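The paragraphs below walk through the structure from the fold of one chain to its contact with the other. Keep the sequence and the coordinates open while reading.

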Amino acid sequence: MKQTTVGGNKRKAANILAMAGLIILFAAYMFPFIMVVINSLKQKRDIIKSPFSWLYTIKGLSFDNFVKAFTQMDFLNAFKNSLIVTVSATVLVTLLAAMLAYYIVRHNNTISKTTFALMVASMIIPFQAIMIPLVSIYGGTLNILNHRATLVFMHTGFSMAMSVFMFHGFIKGNVPIALEEAACIDGCTHARTFFQIVLPLLKPIISTMVILNSLAFWNDFLLPSLVLTDKKLLTLPLSTYSFYGTYSADYGTIMAGLLLCVLPILILYIVLQKQIIGGVVAGAVK
Amino acid sequence: MKTKNSGKDFCMFALPGMFCFLAVVIIPFLYGVYLTFTDWNGVSDTKNFIGLKNFAGVISDKQFWSSLLLTFRYVIVVVILVNVLAFAIAYLLTRGIKGQNFFRAGFFTPNLIGGIVLGYIWQFVFSRVFVNIGETTGFSLFEISWLSEPNRAFAALILVSVWQLSGYMILIYVAGFMGLSEDVMEAASIDGASGFAKLKNIVLPLMMSSITICLFLTLSRAFMVYDLNLSLTSGGPYGTTEMAAMHVYEKAFTSRQFGVGQAEALILFIVVACISGLQVYLTKKQEVEA
């Protein structure tokens, strides 16, 4: 009898300790974000004097920084560019990868096998090993850099292997061929079979891939920085980079600008938290 | 009839995806191998075949080797710290504590944001917030900005990388811990296994598949760090924190030595491929079924 209470207390104490440890760690992880939020409302002098709180400011708190950052970064335009690129590339890669994976699973021929093997092998190639020839081909020979479409095409190509791999695994395990045979007997064309029968069955894996790919496209810096140099076409990470270069000493404005960049994703994250975390775990564990 | 149909199928289903993949990944990769044997400077139309001269150029590029060495040091420290920390936090999170999902979501947040923005946020923290702590408390560790001194700038880079990557690995380790069978743990307790013995003999072997994934992800990400390197330290002070990926970029696009840059990129690729291949082989061997 006594034994169990001691054990229970011990466990309770351990849990309280674990909770305390987690809260401290959590606070440390959140610290940089809190600093950004606090200082985005303050003026430079107050930030240098004391970056920690909203108290004791000489110039007071205001949203001036946000107004300045919003206009100087050309936020709306950069946001629009990022949105166009991310959405089109995500739609394109999801559709093309699903179709290619479907073809590979259902046609056991040499082309399927070679393509699939090539894709799996290519997944270990880091972007840095391709970027120089990429610029040389698309910038030199073809001369089609500085178009959003080029960036969309490249995003699609780079995420193709991983996406096909994921769709391949899912179709193999979860899409029964009997359904397609039934559709075929009923006189359904292959295209219609795919779009009306197979594609709806792929919903879970589609949502995983949409989350993984769109996050990667939205945040990517290196590839867009090689493709887009025209100021009108810059995506959000690129315009942040050039904005920081010009205003790096103007802390308040910088903090407001960084917060503006982070805000759209954070809002989306709060709404779709469960799906995003589920998608990331599914994507990593496969 | 059948062949004609499958040809149409191929064009409709397989060709568009294959075209994107080949045009963006495979052709540039092969062309890149070819580039390493030429003296192309990025602008001129002529490329002369110069044999292995670029590789000789790589060997004599001292900066490349020192950046590669630095990258190795960085990768080792980051991989160890990230995995130990993430494993520990995931363990704490799966003890049935309230608000588990909230914590997990919070720890993951840095991974939703691009390296450029994260680097700038931390640049502010290091150069203003920490310095302010140093000034007001007289704590000498923070009196000057970490980013202005080589060793501390390197430590800063590691700190931010660990901060970011561990949130991602926590998710994977939490999924692993949730998959541990209660029965096995209970059987071990009944047999009188202590906390540490349970961890070493039961939890670790059963978690090996999560560990394989996490090591692989942290290795490949740490080796290729670029965005964070660029925005946090941009290689400074005086190029002392320039990682290999950044050096390749500088070599090609700033110094305009495309051939040498591409040769270095290929060497980096081979190094990363070998190391992560070896890691997956070694840790996969340790995996067991419950």
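Helices here are DSSP runs of H or I with at least four residues, strands are runs of E with at least two, and both are numbered from the N terminus. On that basis chain A of this predicted model has 13 helices and zero strands. Read along the sequence, the pattern is α-α-α-α-α-α-α-α-α-α-α-α-α.

How confident is the prediction? The model as a whole scores ipTM 0.87 and pTM 0.88. Chain B has a mean pLDDT of 88, with 96% of its residues at 70 or more. Within chain B, confidence is lowest in helix α7 (residues 182-190), where the mean is 82, and highest in α3(B), at 94.

The overall form of chain A comes next. The C-alpha trace of chain A spans about 80 × 75 × 35 Å along its principal axes. Its radius of gyration is 25 Å, whereas a compact globule of 286 residues would have a value near 19 Å. Chain A is divided into domain 1 (2-56) and domain 2 (73-247), and the C-alpha centres of these two domains of chain A lie 39 Å apart. Of the 286 residues of chain A, 40% count as buried. Among contacts in chain A with a separation of 6 or more, 75% join residues 24 or more positions apart.

A:A69 sits in helix α3 (residues 64-72) of chain A. Is A:A69 buried or exposed? The cut-off for a buried residue is 20 or more other C-beta atoms within 10 Å; A:A69 counts as buried because it has 25 C-beta neighbours inside 10 Å. Leaving aside neighbours within four places in sequence, A:A69 is in contact with A:T253, A:A256, A:G257 and A:L260. One of these pairs, A:A69 and A:A256, is separated by 187 residues in sequence but by 6.3 Å in space, C-alpha to C-alpha.

A:G252 belongs to helix α13 (residues 251-285) of chain A. With 24 other C-beta atoms within 10 Å, A:G252 is buried too. Its contacts, not counting residues up to four places away in sequence, are A:N39, A:S40, A:K42, A:Q43, A:K44, A:I47 and A:N65. A:G252 and A:E180, by contrast, are 72 residues apart in sequence and 60 Å apart in space, C-alpha to C-alpha.

The contact between the chains takes 70 residues from chain A and 66 residues from chain B. On the side of chain B that touches chain A, the elements giving two or more residues are α1 (2-35), α3 (62-93), α4 (100-108), α5 (115-137), α6 (150-179), α9 (208-223), α11 (244-254) and α12 (258-285) of chain B. Which of them gives the most? That is α1(B), with 20 residues. By class, this side of chain B has 51 nonpolar, 10 polar and five charged residues.

Most residues other than glycine have a negative phi. A:N146 has a phi near 65 degrees, a positive value in a residue other than glycine. The residue is placed in the loop between α6 (131-141) and α7 (148-174) of chain A. A:N146 has 14 other C-beta atoms within 10 Å, so it is partly exposed.

In chain B, B:S234 also has a positive phi, of about 40 degrees, although it is not a glycine. B:S234 is found in the loop between α10 (227-232) and α11 of chain B. There B:S234 is partly exposed, because 15 other C-beta atoms lie within 10 Å.

Technical notes. Residues are numbered from 1 along each chain as its sequence is written. Chains are lettered from A and ligands numbered from 1 in the order in which they are written. This is a predicted model: local features need pLDDT of at least 70, side-chain atom pairs count only at pLDDT 80 or more; totals for chains, interfaces and linings use all residues. Two residues are in contact if their C-beta atoms, placed from the backbone, lie within 7 Å. Ala, Val, Leu, Ile, Met, Phe, Trp, Tyr, Cys and Pro count as nonpolar, Asp, Glu, Lys and Arg as charged, and the others, Gly among them, as polar. A residue is buried if 20 or more other C-beta atoms lie within 10 Å of its own, exposed if 12 or fewer, and partly exposed in between; C-beta atoms are placed from the backbone. Domain bounds come from an automatic or database domain assignment. The radius of gyration is taken over C-alpha atoms; the globule rule is 2.2 Å times the number of residues to the power 0.38. pLDDT is the predictor's confidence in each residue, from 0 to 100.
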